[in-house]
There are 2 protein chains.
Amino acid sequence: MAILITGIAGFVGVNLAQELLRHGQRIFGIDNLSRGTLENLTGLNGHANFAFAEVDITNLPNFRSTIRQFELTENITEIWHLAANSDIPAGFNDSTVDLKDTFMTTFNTLLVMKEFGIKSLAFASSSAIYGDHGDVPLVENLGPLLPISNYGAMKLASEAAISVAAESYLSSAFIFRFPNVIGIPATHGVMLDFVRKLKSKPRELDVLGNGSQQKGYLHVEELVDAMLFIRNHSQEKVSVYNIGADDEGVTVKFIAETTVKAVSPQAQIVYGEGNKGWVGDVPKFVYSIDKLKKLGWTPKLGSEQAVLKAIQQIVTQESLR
Amino acid sequence: MAILITGIAGFVGVNLAQELLRHGQRIFGIDNLSRGTLENLTGLNGHANFAFAEVDITNLPNFRSTIRQFELTENITEIWHLAANSDIPAGFNDSTVDLKDTFMTTFNTLLVMKEFGIKSLAFASSSAIYGDHGDVPLVENLGPLLPISNYGAMKLASEAAISVAAESYLSSAFIFRFPNVIGIPATHGVMLDFVRKLKSKPRELDVLGNGSQQKGYLHVEELVDAMLFIRNHSQEKVSVYNIGADDEGVTVKFIAETTVKAVSPQAQIVYGEGNKGWVGDVPKFVYSIDKLKKLGWTPKLGSEQAVLKAIQQIVTQESLR
């Protein structure tokens, strides 16, 4: 019995695979390597229980033949579907990016699950499905769901398609609404952006927006821990859980100052205007993880500690490049 | 200035166009005639303010050239997007039906609105986006949204895509979550089904399920009235409204008995088992229209009266065939 992970070469995929391998699971990983990298797979490739195939799952015939190939050695009983467009701003001007990479990847994953009789699905959804609710805490039973990014819209579309599949051919579905996740291997995001900016221009850090934008951050190691906890403890047919930090988060200003301290203490921070970094970025939101806490899981690190840990890791990662 | 209606040759499209023409609007109608019919357009075709084009809007180049053609005579300022797969059970075994006809029609409508600078969108969504919430009243701010039909999933995906468009290039979007709508021209649905069954087999009426399934019904004339009311009165950037009957509805048993009385009083009604007509059919739900009532609109007919009226109309329609 094996677990298939889509988007394995991405940030979350690599961390999830490492943890599942530690638990003795057989892992098949796939990725189209458009955003994930082979370099990210270095730590996995030697492992006896790990196999990788490069495939774009929006190409259904190729997806099918990859599954057939994997199943020559082991039956797949479960899919963790992480593949998606991870470059949210790229989807703003071109809605076809998230249609293809965020939604059609899910749509095709469901088609092959039906065809091959694979019955359990875990899915990386996002807090972006909620849209902007102002000060109203984002709880799982909140509506209406009016996302403001194509990424969020196509994650919501994916949730909906999964929900329907659970009504007929899936035995269980786990929908994890991801927060801002940080850690390594960092491939994008504000911290990596700041570290790289400071390395190329050590005396000044330009920040999008006025720095007051505030978000909760969860470290990827905790994210993986939470997902596996939900996978093993939730009894619902379709389990929908917010995963996130258990606090109101930290500001961009805090992240900028912390990064400057770690990389280039003499740098001056130059802020822009407004509290949105880009169109479709939700300024401040309160992300409720009460449902997850009730199930029995709470993060060990607060947003501040997670940010401090991630910045140290990213600085190390970048110094090794 | 003209209004474009997609899915014009369907049940709701025809009724909406008639009402808008009565108000002196210039109407461009399009339909791929896969489910809508030219026959439905008979009452519209003579009108000086009406023009029709047969086009499948999932074909983007054809959609574009149709718009260009229309705009030679009049600028389109608003789109009412009604085109969708209206045969919900057809989508159960084949998720690509609703992907194409329910979602990609919306996706492409948004693409052309962006390209042609058309800024106002009214959209026929559905109560099917909610999924099965048991006895919990379906209000607009309910979640999580876990639809149980591909139709519902792709309507929800459409809502999400529209919400994102409203964040950038639309000036306003109206999302109407339709209830069970009845009236003429009837093309599908339980009443037409019963009338036709009784015409071909006057002594017996076979009913899917045990007849206890209960739903609210709204007459299409009231639906159109409600949509126009919301269009003219709601001030939100994205207006999301349930439209429906203001009661708990009527049972399938009531509909069966009423139809038998109208068509073939001597017929025996034979019920099936269970309270679901088919996989994905939500048994009983309470559909809240409190938000719409607060805006100032209430239906004139209850579900019972709407059903009585529709059955009479459908009997007449079928006797003329």
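Predicted model: local features only at pLDDT ≥ 70, side-chain atom pairs only at ≥ 80, totals over all residues.
Helices (at least four residues) and strands (at least two) are DSSP runs, numbered from the N terminus.

**Chain A as a whole**

- Chain A contains 11 helices and 13 strands.
- A compact globule of 321 residues would have a radius of gyration near 20 Å, and the 19 Å of chain A agrees with that.
- The C-alpha trace of chain A spans about 60 × 45 × 40 Å along its principal axes.
- Of the 321 residues in chain A, 58% are buried.
- Taking contacts in chain A between residues at least 6 apart in sequence, 80% join residues at least 24 apart.
- Chain A has an accessible surface of about 12,800 Å², and carbon and sulfur atoms account for 51% of that surface.

**Glu140(B), a buried charge**

- You will find Glu140(B) in the loop between strand S5 (120-126) and helix H6 (150-168) of chain B.
- Which side chain of opposite charge is nearest to Glu140(B)? That is Lys291(B), 5.5 Å away. A salt bridge needs a side-chain nitrogen of Lys or Arg within 4 Å of a carboxyl oxygen of Asp or Glu, and Glu140(B), although buried, has no salt bridge.
- The side chain of Glu140(B) does reach the backbone nitrogen of Asn242(B), at 2.8 Å.
- Leaving aside residues up to four places away in sequence, Glu140(B) touches residues of both chains, including Gly143(A) and Pro144(A) as well as Tyr130(B), Arg177(B) and Lys291(B).

**Salt bridges**

- Side chains of opposite charge can pair when their charged atoms come close.
- Over all chains, the count comes to 34 salt bridges.
- In chain A, Arg177(A) and Glu159(A) form a salt bridge, with 2.8 Å from N to O. Arg177(A) lies in strand S6 (residues 172-178) and Glu159(A) in helix H6 (residues 150-168), so the pair ties together parts that are 18 residues apart in sequence. Both Arg177(A) and Glu159(A) are buried.
- In chain B, Glu159(B) and Arg177(B) meet in a salt bridge at 2.8 Å, N to O. Here the link runs between helix H6 and strand S6 (residues 172-178) of chain B, 18 residues apart. Glu159(B) and Arg177(B) are both buried.
- Lys291(B) counts as partly exposed at 26% relative accessibility, and Glu236(B) is partly exposed with a relative accessible area of 36%.
- Salt bridges with shared partners join Arg35(A), Asp56(A), Lys100(A) and Asp101(A) into one network.

**Backbone details**

- Pro144(A) sits in the loop between strand S5 (120-126) and H6 of chain A.
- In chain B, the peptide bond between Ile184(B) and Pro185(B) is cis, with omega about 0°. Pro185(B) is in the loop between strand S7 (180-182) and helix H7 (190-200) of chain B.
- Leu33(A) is not a glycine, yet its phi is positive, about 55°. Leu33(A) is partly exposed, with a relative accessible area of 21%.
- Leu33(B) has a positive phi of about 55° and is not a glycine either.

Definitions and conventions: Residues numbered from 1 in each chain as written. Chains lettered and ligands numbered in written order. Heavy atoms only, no water. Buried < 20%, exposed > 50% of the residue type's maximum accessible area, 1.4 Å probe, protein only. Lys, Arg positive; Asp, Glu negative; His and termini not counted. Polar contact = N/O pair within 3.5 Å; in protein donor to acceptor, adjacent residues only side chain to side chain. Contact = heavy atoms within 4.5 Å. Rg over C-alpha atoms; globule rule 2.2 N^0.38 Å. Areas by Shrake-Rupley, 256 points an atom, 1.4 Å probe, with all protein chains shown as cover.
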